[in-house]
Amino acid sequence: MERGAPVAYFLGLLVALVGFWLGMSGHFSPLLLSLGALSVAVCLILAYRLDIIDREGAPYVRILGYAMYFPWLMKEIVKANITVIRACVKADLDIAPALVKVKTTCRTDLAKVTFANSITLTPGTVTVEVEGDKMLVHALYEQEAQPEAFEDMDRRSRIAADGKGAGA
Amino acid sequence: MGDLIANIADFWGMARFPLGAALCLGGGILCLIGSVGVLRFPDFYTRLHAASITDTAGAILILLGMGLMAPGWLVVSKLVAIFVFLFLTGPASSHAAANAAHTAGLQPMIGPIGQRSDDDEEAA
């Protein structure tokens with residue numbers, strides 16, 4: 001709760017929990033609705049006691065940024081999948097694994113997690129270690145995992161998590 | 001105009017089951033390809049890459065197919081929840097496995113693999 005309005009995070013969590021309950025149950029009888037209200041209240045109280053209602057616990061303010069990032073990530077996942085599928089079914093194995101150090105410009109933990117998870121989600125690359133602003137990435141093809149290849153993803157995940165003004 | 005909309009709705013009702021079935025089948029085939037890759041690739045880290053096909057492409061296609069065949073929005077909302085959790089936890093678990101192997105000191109194979117196995121055969 002270091003900055004921003006905790007009330008907004010609280011309301012965001014409330015809306016998400018109510019939506020989750022309604023989506024899971026789909027019943028609107030008074031008994032189940034009151035049980036849902038009770039569960040949501042208990043969740044909110046526990047989250048407040050655990051002190052996790054902050055930017056990371058309720059990142060709904062950035063939902064627009066992630067909504068813009070997601071289609072691009074899907075496109076990358078599809079492209080990378082084709083490469084790895086071809087490597088899997090090819091008659092002769094022609095992979096050239098490599099460990100690459102990637103520098104990130106992401107500052108906040110949320111942006112770093114977004115970037116590292118995006119690297120891991122795209123088949124053919126896995127984040128092995130995160131240390132400060134450097135990441136150790138294992139890649140299936142050496143030629144496709146030069147540090148420049150990750151610059152675009154780095155920039156986009158930084159904008160998605162932190163907004164345009166943040167970062168280097 | 002109402003006729004056209006009714007036609008489209010009719011077509012959608014007819015097409016969504018075969019479409020969903022085809023997507024599920026495609027996802028299943030991709031999962032199979034991922035398992036083939038896991039068996040073929042030489043070491044732990046490369047096998048992780050093959051497994052991530054099953055994680056992403058296979059799961060996405062199967063969930064999309066099930067969403068198309070779903071009887072109502074309730075089921076779709078549950079599928080969306082499954083999709084979100086898979087997308088958040090999948091990379092976390094892959095990273096945990098890779099990081100554990102790296103911390104334990106497992107050295108990955110580096111460099112072109114295919115050519116080297118040819119050299120091995122000649123040497124043997």
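**View 1. The open sheet of chain A, three strands in the order E1-E3-E2.** In this predicted model, the strands of the sheet pair in antiparallel fashion. Strand E1 (98-103) and strand E2 (125-131) of chain A sit at the edges, each with pairing on one side only. Ignoring direction, neighbouring strands of the sheet are turned against each other by 25° on average.

**View 2. A closer look at E2(A) and strand E3 (residues 134-139) of chain A, joined by six bridges.** The two strands run antiparallel. At one spot to look for, A:Glu131 stands opposite A:Lys134 in E3(A).

**View 3. Helices from both chains pack on the sheet of chain A.** From chain A itself comes helix H4 (residues 109-121), which touches E2 and E3 of chain A. The direction of this H4 makes about 150° with that of E2(A). From chain B comes H3(B), which also packs on the sheet and touches E2 and E3 of chain A. For H3(B), the angle to the direction of E2(A) is about 65°.

**View 4. Where the chains meet: 31 residues of chain B in contact with 29 residues of chain A.** On the side of chain B that touches chain A, helix H1 (2-40), H2, H3 and helix H4 (113-123) of chain B each supply at least two residues. H3(B) gives the largest share of that side, with eleven residues. Sorted by class, the side of chain B that touches chain A has 16 nonpolar, 13 polar and two charged residues.

**View 5. Zooming in on B:Pro91, a residue of helix H3 (residues 73-103) of chain B.** Is B:Pro91 buried or exposed? B:Pro91 counts as buried, because it has 23 C-beta neighbours inside 10 Å, and the cut-off for buried is 20 or more. Leaving aside residues up to four places away in sequence, B:Pro91 touches A:Asn117, A:Thr120 and A:Leu121.

**View 6. H3(B) alongside helix H2 (residues 44-69) of chain B, with axes that come within 10 Å.** The two axes cross at roughly 180°, so H2(B) and H3(B) are roughly antiparallel to each other. On the H2(B) side, the residues that meet H3(B) include B:Phe44, B:Leu48, B:Asp55, B:Leu63 and B:Met66. Among their counterparts in H3(B) are B:Val76, B:Ile82, B:Phe83, B:Gly90 and B:Ala101. By class, this contact of H2(B) with H3(B) has 14 nonpolar, four polar and one charged residues.

**View 7. Stepping back to chain A, with its five helices and three strands.** Follow chain A along its sequence and the pattern reads α-α-α-β-α-β-β-α. Chain A splits into domain 1 (6-57) and domain 2 (62-162), and the centres of these two domains, taken over C-alpha atoms, are separated by 33 Å. Of the 168 residues in chain A, 30% count as buried. As for contacts in chain A with a separation of 6 or more, 70% of them come from residues 24 or more positions apart.

Definitions and conventions:
Residues are numbered from 1 along each chain as its sequence is written. Chains are lettered from A and ligands numbered from 1 in the order in which they are written. This is a predicted model: local features need pLDDT of at least 70, side-chain atom pairs count only at pLDDT 80 or more; totals for chains, interfaces and linings use all residues. Helices (H or I, at least four residues) and strands (E, at least two) are DSSP runs, numbered from the N terminus. A residue is buried if 20 or more other C-beta atoms lie within 10 Å of its own, exposed if 12 or fewer, and partly exposed in between; C-beta atoms are placed from the backbone. Two residues are in contact if their C-beta atoms, placed from the backbone, lie within 7 Å. Axes are lines fitted to C-alpha atoms, for helices over the stretch in contact, and angles run from 0 to 180 degrees between N-to-C directions. Angles under 35 degrees count as roughly parallel, over 145 as roughly antiparallel, 65 to 115 as roughly perpendicular and the rest as oblique. Ala, Val, Leu, Ile, Met, Phe, Trp, Tyr, Cys and Pro count as nonpolar, Asp, Glu, Lys and Arg as charged, and the others, Gly among them, as polar. Two strands pair if DSSP finds at least two bridges between them. Domain bounds come from an automatic or database domain assignment.
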